[in-house]
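Please read it with the coordinates open.

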Amino acid sequence: MPATYNGIGTTYYGMKNTVSRNGACVRCHRQGVLESYDTKLWFVIFFIPVIPLGRKRIVDRCKYCTAHMVVDAHKWETAKQLEVSGAQEQFRTEPTAENAIAVHQQLLNFHQHAEAAAFRETMKAQFGGHAKVQAYLGVILERLGQVAEAQAYYQRAHELRPDLTEARVGLASEHLRQGRLDEARQLLDYLQRPGAGQLYPLQPIEVLASAYQKAGRHTEALELFGRLSAELPRINEHKAFRKAVKASEKALGRTTSILPGMKFNWRRLVGLQESVDGSHRGRRILALLGAVGLVVLVGVPLRMAWMRKHRTLHMVNAFRTPAQIELQGQPAFEAPPGHSTHILPEGTYHASVRGPVTEEVDFAIGEEFGNGGGHPVWILNVGGAAVLELQEVVYSRDPEPGSSSLHFGESFVSFPEVNRPFMELPQSVTLHNGESRRTLTGLTVIDAPVASIASHLARQGNAETALRFCEQHLRLEPDKAELVHLYLSFSAQHSALPRATEFLRQGLTNRPVAVEWHRAYQETQKYLAPSGMVSLYDGFLQTEPNNSRLLYLRARVEPVTERAQALFQQAREADPKNPYPWFALGWRQHSLGNWQAARTNFARVIELAPEGPGFRHYFDETRLALGEGAAVESEARAELKKHTDEVYEYASRLLEALATQGRIQEGKAAVGLAGVELRNSPPQVNQGVILPLEYKRLYLAAEFAELEKAARSSHTMLATNAVFYALIEQGKVREATAIYPLEDPANQEPLHMLTVALAWREAGNLKEAMRWQNKAQTFFARDPEKARVAEFLLGARVTLEAVTAVQLSAKERMLVLVTLAWIHPDQAAEFKALARRLNVDRDYPYHLVQRMTAPVAAAAATARSAP
Amino acid sequence: MNRGDFDVLVAEVERQFQGRPQALQWRVALWAAIGYAGLLVGPVLVLVLAGLCFVGAVHADSGGDIALFAVGALILFGGGWSVARVLWVRLEPPEGARITREAAPELHRWLDELRGQLRCGQFHEVVAVPDCNAAVARRPRLGVFGWPRHYLLLGLPLMEGLSTPEFRAVLAHEFAHLSRDHARFGQWIYRLRNSWEQVFARLSQPHVRSILSIQPLVRTFVEWFWPRFNAHAFVLSRAYEYEADAVAAQLGGAPALALSLMRFRVLFNQIDEKFWPDLWRLATREATAPAGLFMGLREVIRAPAAPDARRWMAQGFQQVTTNADTHPCLTDRLRALQQLPTGAPENLPDLPVADPSAADILLGPARVQVTAAVEEHWRKTTVELWRERHLRAAAQEDRLQRLATAVPDTAGDADALWDQTNATMDLQGLTVAEPMLRRILELNPRHAGANFHLGRHLVQKADPAAEPHLECVMELNDEGFGPASELLHQLFRATGQTAKLRALEARLDQRERDRAAAREERSSVNALDTLIPHGLTEEELASIRTILMADAEIIAADLGRKELKHFPKQRLFLLSLHVRRNWLGFVSSDRAQEAVNRILPRVKLPGRMLVFGQIDDFAHVGERLAQVQGARIYTRAG
C-alpha cells in the first residue's frame, strides 16, 4: 500500500478504465460498490509526482475501508487478454455449454462486465433450451445483484427442467424475499426428503425455517428444524440452532424438545472442539491461555530471578561531600550528597566507605525478606548521619492515626515493606470498591539542619532520641558549636548532665582537638572540678606542648587572668591561624571596653573563621561601639538579601546599626525588609522571625508600652520575655517578677538577678533590691572564676583595677560596675563611666543601664521620658 | 523426487550392489544413521543451545545472565515444543477384534509354536480384522524414534479361505521378518523402513495451523532423505521378501506357500468385488446393517465362482513387479519358489475349496464368537457411514423419480442422462450404469464424467478398452488427470503392460514437473519468450488489416506468435499496435491503451491473443516481435 509522510512517499494518481460492481469487501465484508481501475504509482515529494513507479491495476477497491488488491497493469492486461481469448477460442472450437460458461467465468474473473453481459446474450440465444446454462446465468446474475434478471433465467431453467435444484433454490429465494413462504417451501420440497443432506446443501431449508419463525409460523419452522436436526446431527451441537429451535418450541408451548441432549464433551467444555462453522476459536483461546500460562510459568521465576539480581541499594548521604563506597570484588561507586541508588544482586556484602566518614559496613541484601515478595528497602546511610522517617499512613473514609518513626545512627538499615521509598506519600488515594482502608508506607530523608532536627526532637518531648541524635552527630562533627550547645542545653534541661559529661569526656583524647567539644566539657566541669581541668590540660600539653588548641583550652581554665592571657598569646603564636586565641584576646579587650584593641583581634578572627560561634556578633558589636554603624548597616542590608535563612540575624544587626546611628525610626522599614525576604516562607516561619524583630525594634526605640502591648498578644516564651523587659524598663518591677518567676531554678541567672536588683533600686525599693542582689551574689560565689565578684557585692572595698582584673564579659562587668556604683557612691562616677562605656549591646537591659549610669541631670531627664 | 527418479535410483542401487549384499547393508545402515542424525538435529540443537544459554547464565555478569536465562528458557520451551510437535507422530493402533488367549487357546498355542520355530518375538496383541490380509503391524511409541508395539493382524477372510498349512505359510512369511535367526540387521532395516514410511507420510501432510513451526525444515529433510534411504532399503527389503518366502517355504513347504499366494489373489478379488459391494448395496434398503452379515462371508468365499476365479488368477499372473511395493509380483515369487505353474494362467485348474479352513482348525468353537466380534467391531466403525449411505440412497431414489417426471425420455438429453447415470451408479453400481454411460458418450464423446466412470468400470474388469476413455479424461481437464492416471496405472499393472506403465509414469513425472510452467506459459508473455511467425493466411490477415485501417490512431501493427512448449498444438498470438506519437515525439501510454481497448473486441484470431501498445513492459515485447519475419502486417499509408 502506498503511503506518504509529510507529503513524501508513494501514492496513486489517475483513474482509468474504471469498472464497478456490487459485492462484499474481502476485508470489512460490507456490501457495496467495488471499483477496479488503472492508475499510476508515483513517488511524490510534497504530493507532487516526481518519479513514476509503474502502471497498476486496482482491483475491487472498497469505498468504505479502501481495501483493494493491486497488480501490475501489464500483468493484469496480459492475463486478462490471454485467459479470456483462450476460453473464447475453446468455445469457438467446441461451442458447448461448458465452454460457454468457461468464457463467461473468465470475463467475470477479469471484471469485463460489459463483455460478459454481451456474451450472456450469446448464451441466451445459443443455449436458450439448456436448463443448466439458464440456471447458471440465474445464479451469476443474482450474485451480481441483478435479482430481477436472475429470476427470468431461473424461471426458464425451471420450465426446462423442473427437477433442477439450482433453479428451484433461485426461485425459492425470490418467494422468500416476497414473503411467500409456502411457495418457497414447495419448491424446496426435495430438500425435506430423508437423505437430502447427503446430496444437497441444506442452507435454503435453514433460511426457510428462520423465515417461518420470524413470521410466527412456528409449527412449520419446527418441522424444518426437525429435518435439519435429523439430516445434520452435528447441527444439534450448534448453540444458535438450539436457541432457534427452543424459541419455536417455547412459542408453541411444547414441553418436549426435538433436540437431543448435548453430550458431555470435555473438549467443548474447554473450548477445544472445532465449532460447527469450522472455526478453531476454542483452540485459539486454549493456545492463548497456554501462551499466557507459559509466559507466567517462565515469567514469574524470571521476574523473581531478575529481581534477586537487581536489588536496589538506596544510599543516603547527609554530608556535603560525596562518599566513595567500595564493595568487595566490585568497582567503587559514589554516593553523592542526598539520595542515590545502586543496583546489586542479593547477597552479603562488606562495604568500605570513604569520604566524609570512614567506616566499614557489613550488610546483607534480600535474604531476610524471603523470595522477592513485597517491597523491601535496603539503605546504606553514610555514617548513619541521615535521619530517615518511616511513615505508615492509613487512608480511609474515617481518618485513622498513622505512625512514624525516625531512624539514624546506623550505617545500614532495611525495612521489609515500603510502598513509596524516598517519595512523599500522597495526600489522598482513591479506594477501590469494597476497600475500606489502605495503608501506605513511605520512607523519606529529613532534609533540615542538624540543629533544627535536634530541636524538633527535643520539642517532641523525645529527650532520649534528641540526645542520641546529638551524640550521633557530634561524633561526626565534634566541632559543631551550635550542636554542642544544643546538646548541653538538652542535657541540662533533661537532667542529663552526667551523661553529657561522660559522653564529652570520652572524646577529649580524640585528635585533632575539637575545641567546641572541649569548651562544652569545660562548661560541665566549671562548677565541679576546676582544678582538675588545669591538670587535665597540663597533662595533654605534656605530650603536645605546642598544640595551639590545647594551649587555648588550657588558658580558658586558668584562674589567673594574666597567666590566662599569656597562654592565649602562646596559643596564638603556636598557630596564628587558630581563631580561638585571637578571639579570646579580643574578648578580653571587649570586656574592658578597649574597643580598638578588641576590633583588631576580632577582625583577624573573622578573617580566619567568619562562621565561628559568636565571632561575627562580637566583631560587629565592637564596630558599633567604635561608631562604624553605617558600615555595619550596609553589610547587614547586603547580607539580608543574600541569606534568606538567616534573616533574623542580619535584620537584627541592621536594627542595632540603625539604633547606634540614631535612626531607629527607620526600624519599621528594616523589619518590612525582612518580611519581603521571607515572603516565600511558610507563615509560621515568617511569624517566628518578624515578631521577635518587631519586639526588638520596639525595645531599641524605647517604646516599652507598645512593646508590652504587642508582646502580651502572644504567649510564646519570646513574648513573655519581651513583656518582662518592657515592664522592667517601665519600672513595673513587681509585675515583671510576677510573670517571670526568676526563682525557678531553670531561669536562675546572676545577671538577671543583678538587673532586677538594679530595677528595684531605680524603683526605690531598696529592700527588694538587696534581696535580688544577695541572690546574685550567692550565684557568683559558686563560680570559682567569679568568686571575687561575690566578695565585691558583699560590700568590700574595691578598686576599678580589681574589677577589671576579674574574667567577666562586658555585660557582666557592666552590671557589676553599676551595682558597685550604688554600693560605693564615692566611686560611683568612676564605675558608672566604665559601665556606660561597656553598655554597647542595645538589647535589654541597655536602657535601664543607660538610665542608671547617666549623669544626674541626664538621668532625671531619661527617667521622665520613660512611660 | 518423482517416480521416475526413484526408479532410476533403485535401478542404480541394484546395479551398484549387485552381488554385494553386505555392502548394501552397510550403505543402508549409513543412511539410517543419517536419518536418525537428521531427526535428532532438532532436539539436540534445542538442548545444546538451551544448555549453552543456561551455562552462560550461570557464569555471566549481573544483567546478562537474566537475558541468557530467558533465551535459554525460550529455546527449551519454544524450540522443544516445536520439535516435539513435529516429531511426535502418533499412529493409532490397528482396529479390530482382539483374540485373547482365553478365547482362542488353540490359535495362540499354534502361534507360539510358529514363533518358537522362527525365534520370533512376542506380539502385544492378536487382532482379527475384516480385511483379506495377514500382517504384522508396528506402531512406534516414540514416533520417528521407534520402540514399536507389535500387532498380529489376522484377516478373517484369509482364515476362512485358506487351509491351515497355507495360512501357516502366510504367517511364516510375516514372522520371518521378525525372526532373530534370519538376517537380523536386514529385518531391522525392513521394520525401520516400514515404520518410517508411515511416520514420514504423516510428517509430509500439509500443516498450516502454526505459523512458527520447524515442520518445513523437517519436511525438507524428509523429502531429501526419504527417497534415498528408501531406494537403498527398498532393494534390501525386496531381497528380504524373497528370503521371508524362502523361510516360509522351508517351514511349511513351498507348495503350501505357492498355493496360499495364488489363493490369496482369488480371495482378495472375491472379497473386493463381490462381498463388500453386495454388503454395502444392502445399505440402500436397510437403515442399519443387518445382523450376521459376516456369517455370510464363509459362504461367499466357498461359493463356486469359477469364471471370475480364473479371471482373477489370470490377472494375478499378468501383474508385474514395480517399485511401488517391496513385494514382488505373484509370478516372480512363484518363480523364486520354483512353483511357477506351466502353461497359460487361464488354463490352470480351479483351486479346491480349503475345507476345513484355518478358521475351523485354529479358532475352533471360538470361530463364531470371533466372527461376531469382528462384525461388531466393523459395525461400530461403520455405523455412521451406513446411515449416510442409506440416507443418500433414499435421496438418490427421490432424485431419480423427479428426473423421470421432469424428463420422461432422457435418451436424447445428455445432461439429464448424466444426472440419471450418476444416481444409478450410486444406487446400483457401475455394471448397471454401463449402458447409460455408453449412451452419454454417443451423444457427447468428450464427456469427461462418462469417460471416467466407464474407464473405471473397465479397469475393474482389467479391460484394455478403458485406456482411451481415461486418456480422454486426462486430456480434457486438470481435475480428472490425477484419478484417471491412477486408474490407467492400475490397468497397465493388472494387464502386465510394462512398457505402457513406464511411459505413463514418465508422463506423470513430466506433468508434475511442468504443471506450473505450463500454466505460466499460457498466461504470460515477456520479452524473453521465443517468438515465431504468425502463420496466418492472407485471407485471415485481410480481416485484421480492415479493422486496423479503420482506426486512424494506428500507424502500424506487428503480428506474431509465442512458441508454446507444453501445448504445441495451441497458438498464442501477439498483436503489437503502433500508435501516433504526440507532438513531443513520445508514445502516450493512455493513447496506446485506448487503441488497444478499441481493437481488442473486434479482432478474432484462432487461438489465445494478446493485443498491446508500445508502452511499459510491452515495448520490449513489441521490439522483439518487430524482428520476427513477416511480423509487420500493416502500415498506414502516407
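1. Please read each value below as computed from predicted coordinates.

2. The sheet in chain A. Four strands of chain A form an open sheet in the order 8-7-10-11, and the pairing is antiparallel. Its edges are strand 8 (333-335) and strand 11 (359-365), each of which pairs on one side only. From one strand to the next the twist averages 35°.

3. One strand pair in that sheet. Strand 7 of chain A covers residues 323-327. How many bridges join it to strand 8 of chain A? There are 3, and the two strands run antiparallel.

4. A nonpolar surface patch. Seen on the surface of chain A, the patch consists of A:Ile8, A:Ile45, A:Phe46, A:Ile48, A:Val50, A:Ile51 and A:Leu53. Together they have about 620 Å² of accessible area. Strand 4 (residues 48-62) of chain A gives the largest share, 4 residues. A:Phe46 sits in the loop between strand 3 (31-45) and strand 4 of chain A. Is A:Phe46 buried or exposed? Its relative accessible area is 59%, so A:Phe46 counts as exposed, because the cut-off for that class is over 50%.

5. A buried glutamate. A:Glu558 belongs to the loop between helix 20 (548-556) and helix 21 (561-574) of chain A. With a relative accessible area of 4%, A:Glu558 is buried. What does the side chain of A:Glu558 contact? One partner is the side chain of A:Arg554, in a polar contact at 3.0 Å. The side chain of A:Glu558 also reaches the backbone nitrogen of A:Val560, at 3.1 Å.

6. Salt bridges, overall. The count over all chains is 91. In chain A, salt bridges that share partners join A:Arg599, A:Arg616, A:Asp620, A:Arg623, A:Glu628, A:Glu635, A:Glu649 and A:Arg653 into one network.

7. B:Arg98 with B:Glu125. The side chains meet in a salt bridge at 3.8 Å, N to O. B:Arg98 is in strand 1 (residues 97-98) of chain B and B:Glu125 in strand 2 (residues 125-129) of chain B, so the pair ties together parts 27 residues apart in sequence. B:Arg98 is exposed at 56% relative accessibility, whereas B:Glu125 is partly exposed at 21%.

8. B:Arg392 with B:Asp426. Here the N to O distance of the salt bridge is 2.4 Å. B:Arg392 lies in helix 14 (residues 366-406) of chain B and B:Asp426 in helix 15 (residues 414-428) of chain B, so parts 34 residues apart in sequence are tied together. B:Arg392 is partly exposed, at 28% relative accessible area. B:Asp426 counts as buried at 17%.

9. B:Arg446 with B:Glu475. The closest N and O atoms of this salt bridge are 3.8 Å apart. B:Arg446 lies in the loop between helix 16 (430-443) and helix 17 (448-460) of chain B, and B:Glu475 in helix 18 (residues 466-476) of chain B, so the pair ties together parts 29 residues apart in sequence. B:Arg446 is partly exposed at 33% relative accessibility. B:Glu475 is exposed at 58%.

10. Cis peptide bonds. Most peptide bonds are trans. A cis bond joins A:Arg511 and A:Pro512, with omega about 0°. A:Pro512 lies in the loop between helix 17 (497-506) and helix 18 (515-525) of chain A. Another cis bond runs from A:Tyr844 to A:Pro845, with omega near 10°. A:Pro845 lies in the loop between helix 37 (828-838) and helix 38 (846-852) of chain A.

11. Positive phi. Most residues other than glycine have a negative phi. A:Asp60 has a positive phi, near 55°. This residue is in strand 4 of chain A and is buried, at 13% relative accessibility. B:Ala462 has a positive phi of about 55°. Where does B:Ala462 lie? It is in the loop between helix 17 and helix 18 of chain B. B:Ala462 is buried, with a relative accessible area of 13%.

Terms used
Residues numbered from 1 in each chain as written. Chains lettered and ligands numbered in written order. Predicted model: local features only at pLDDT ≥ 70, side-chain atom pairs only at ≥ 80, totals over all residues. Heavy atoms only, no water. Pairing = 2+ DSSP bridges. Axes fitted to C-alpha atoms, helices over the stretch in contact; angles between N-to-C directions. Patch = residues over 30% accessible without salt bridge, like charges linked within 9 Å, V, L, I, M, F, W, Y side chains within 5 Å. Areas by Shrake-Rupley, 256 points an atom, 1.4 Å probe, with all protein chains shown as cover. Salt bridge = Lys/Arg side-chain N within 4 Å of Asp/Glu carboxyl O. Buried < 20%, exposed > 50% of the residue type's maximum accessible area, 1.4 Å probe, protein only. Polar contact = N/O pair within 3.5 Å; in protein donor to acceptor, adjacent residues only side chain to side chain.
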